[in-house]
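Hello,

Here is the structure I promised to hand over. My notes follow below it.

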Amino acid sequence: MKKIITRRIFIGSTVLAGTALALLPQGAKTSIRVEPFKVIEVVQKVLFPKGLKAPSASEFGATSYLATVSTHSSFWRDDLKFLSHGATLLIKKERDFLTMTPNSKDKALRNFVSNNSKGENWVALILFYTLEALLSDPIYGGNKNELGWKWLNHHTGQPQPKVKFAQL
Amino acid sequence: MKKYDVCIVGSGAGASGVAYTLALGGKKVIMLERGGFYKEEDFSKDEIAYCKRDIVTPSLRESYHTIEYLSANRWVKKTTYSDESSFFNGNIVGGSSNFMSGYFHRLKPVDFKLKSTYGAIKGANIVDWVIDYDELEPYYEKVERLVGVSGKVTPYKYHEPRSTKEFPYPPLHEHPITKLIDKSCKKLNIIAYKTPRAILSKSKDKRNSCYYSNYCGSYGCSSGAKGSARASLLQPALKTGNLTIITHAFVKKLDEKDAKVTGAIYVDTQTKKEHRIQADLFVVAGQAVETCRLLLNSKSKNFPNGLANNSNQVGKNLLFSAGGVGTGQFDASTMSLKELMVEGLFVNRSLCDWYEIEDKNIKMKGGIIDFLFEHNNPISKASKQKWEDGKLLWGEEFQTKLLKKFTTTKQLNFEVFNDWLPTDNCFVSVDEKYRDIYGVPVANIRIGSHPHDIKVGKILAKKAKSVMQEMGAKDIQTSISSYPPANLQAGGCRFGDDPKNSVLDKNCQAHEVANLFITDGSFMPTGGSVTYTWTIYANSFRVADAILKQKKS
């Protein structure tokens with residue numbers, strides 16, 4: 001098989017080095033540090049709502065998945081910075097985003113990405129990690145009760161992992 | 001300090017044939033591998049660990065490469081950590097062979113005589129090999145038996161001569177779509193070549209046969225069926241008691257005195273401590289790019305430009321695999337959904353009728369095409385669906401698209417392989433300004449390619465597309481690119497008779513350093529139009545025999 005190098009999303013210079021915001025799980029003490037994560041959780045609900053058959057981001061554990069994997073050394077640090085930075089940009093543009101109705105949130109997000117490649121890349125990155133949560137092995141905290149696999153009639157390979165990140 | 005007969009750097013396909021032969025031949029062998037030792041029971045079908053994170057390759061924060069690419073007629077340099085595009089491949093015991101798909105093709109006799117058969121091409125450093133196909137054939141056959149190749153011989157015009165009639169293992173079970181490929185090829189008067197695979201269809205020694213997990217390429221094999229260097233050669237070699245493998249050993253330098261290697265200096269990547277190994281003979285097989293890097297970083301008074309590099313040939317004429325990929329979508333309109341959605345069975349069909357192309361009365365070297373289903377990696381599969389016509393999808397619209405993709409369609413891919421011509425603009429060098437966390441300069445890879453590669457790739461892609469069309473595929477896309485696949489590396493230490501323009505002699509022994517051999521794909525002066533692994537295995541066995549012969553005399 002040919003290993004074709006393709007970055008899953010172009011970030012490049014859109015990352016602001018040294019952003020003060022860190023991505024921490026909910027419950028961290030300083031409110032400004034919690035904000036990006038809260039924003040991402042709300043965005044994930046917009047990106048992956050409860051469908052006729054589809055599980056919602058909350059149901060399959062999209063945010064708790066991200067909280068788990070983002071603390072591992074293999075998580076791409078530029079992504080951490082960019083996830084935080086984008087959350088700040090969204091709230092700057094859409095100040096009431098967190099308290100809007102679901103329809104308004106969707107509209108606000110579409111408005112945010114319109115003619116804004118940085119914003120669009122940020123949403124694409126969140127969607128990327130939402131899909132990891134939907135379809136990765138449940139050992140990582142997402143795909144709760146194998147909801148993602150069941151919805152898409154996907155049969156995983158055997159054996160499944162007994163440890164995270166293939167640690168020996 | 002203990003002194004070994006042989007020290008081998010690396011543990012993949014190129015290293016393992018030597019380790020196996022010499023350990024069974026009674027030599028005391030020590031092997032230095034950068035990564036850990038994963039066995040069958042350690043592997044799982046974990047897409048996050050094996051496909052989405054740097055777990056079985058060095059973290060790009062630990063080490064990386066710099067890539068030089070052409071932009072607006074200027075060579076521009078970027079680091080692989082800047083865009084997360086790792087050029088490392090499977091850094092664990094057994095190397096990248098643990099993660100190969102095992103589509104196995106031998107080189108053809110013309111690949112050994114590219115220049116004398118087809119002539120020179122301006123801007124390409126094409127030469128004939130210093131051995132011919134007949135010299136390598138017994139070793140290709142040895143790989144079939146020891147590594148394990150399954151399949152059924154399909155005669156066609158350019159088929160290479162074989163010393164045995166059939167493969168030692170029967171073909172793996174095939175997916176129903178192969179019937180459609182065969183039927184379409186027959187209609188188009190094309191031979192549907194049954195692709196040999198380095199996967200056991202029957203158990204062998206302690207290795208179990210394939211269990212059709214549907215997760216093969218990019219994953220370690222849990223049954224031992226895949227012919228990885230570890231499962232097929234290193235595990236039996238370890239049983240002799242003559243092979244010692246040191247894991248987490250990153251070799252940063254080879255010491256030299258009086259034109260002989262005297263020691264290998266390695267860092268234990270877990271403790272960060274340095275160690276030194278002494279041996280009579282040293283074999284380097286760290287995959288082409290990292291092998292060149294080690295030699296270039298092993299500078300000494302006798303070799304100010306790097307070990308075995310007074311000819312300035314180390315790193316030159318690096319090869320990848322030219323060509324590209326294509327995709328086609330299949331649904332219930334072409335075959336029953338029940339048959340189409342069968343999981344785990346292999347496609348195992350290739351097109352080899354254009355290994356030589358006659359175009360406008362000019363004969364030129366062509367290549368091959370392998371068919372395979374899109375890998376069953378659900379995250380990658382889903383992620384590709386999120387863009388449509390440049391627009392990011394989400395919500396119900398995206399969910400509907402995902403459900404349709406997963407439950408009603410299957411994507412058949414084809415991969416085009418043709419020669420990546422050697423040129424002055426594809427090489428490995430080191431740049432003192434860019435260092436890994438151990439302070440060692442990283443490899444710089446210039447990835448220039450010859451325009452001829454694209455020309456041939458496009459011709460082949462057109463042929464593959466015609467088969468897809470005949471099969472009834474929808475939305476057929478092809479992409480022939482000059483960007484290299486990072487896992488298919490060769491060249492950089494080409495072998496030859498003249499020390500002025502080659503690094504190694506016929507037996508892959510360094511012209512300038514008496515006790516140094518190089519046995520990964522680096523020796524190849526031209527790469528042929530197939531994946532390299534079978535040839536690397538075969539050559540490793542060939543060189544091992546030459547070493548044993550030399551030791552006896």
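Predicted model: local features only at pLDDT ≥ 70, side-chain atom pairs only at ≥ 80, totals over all residues.

How many bridges join strand β11 of chain B to β21(B)? There are 5, and the two strands run antiparallel. One of the bridges has G326(B) partnered with T478(B) in β21(B).

Residues are numbered from 1 along each chain as its sequence is written, while chains are lettered from A and ligands numbered from 1 in the order in which they are written.

**The sheet in chain B**

β11(B) and β21(B) belong to an open sheet of 6 strands. Its order is β5-β12-β15-β18-β11-β21, with antiparallel pairing (a pair needs at least two DSSP bridges). The edges are β5 (193-194) and β21 (474-480) of chain B, each pairing on one side only. Helix α11(B), residues 451-471, packs on this sheet. The helix touches β11, β12, β15, β18 and β21 of chain B. Its direction makes about 20° with that of β11(B) (axes are lines fitted to C-alpha atoms, for helices over the stretch in contact; angles run from 0 to 180 degrees between N-to-C directions).

Helices (H or I, at least four residues) and strands (E, at least two) are DSSP runs, numbered from the N terminus.

**Chain A**

Chain A has 7 helices and 0 strands. Of its 168 residues, 37% count as buried (20 or more other C-beta atoms within 10 Å of a residue's own, with C-beta atoms placed from the backbone).

**Where the chains meet**

The contact takes 47 residues from chain B and 41 residues from chain A (C-beta atoms, placed from the backbone, within 7 Å). On the chain B side, α2, α9 and α10 each give two or more residues. α10(B) gives the most, with 7 residues.

**Cores**

The largest nonpolar core has 168 residues (buried Ala, Val, Leu, Ile, Met, Phe, Trp, Tyr and Cys joined through C-beta atoms within 7 Å). I8(B), A19(B), L32(B), F282(B) and V283(B) have the most contacts inside it. Helix α6(A), residues 117-135, gives the most to this core, with 10 residues. Leaving aside residues up to four places away in sequence, A19(B) touches I8(B), V29(B), M31(B), L233(B), L234(B), A237(B) and L243(B). A second, separate core has 34 residues, including Y355(B), F371(B), A461(B) and V530(B).

Best wishes

Conventions. Contact = placed C-beta atoms within 7 Å. Buried ≥ 20, exposed ≤ 12 C-beta atoms within 10 Å, placed from the backbone.
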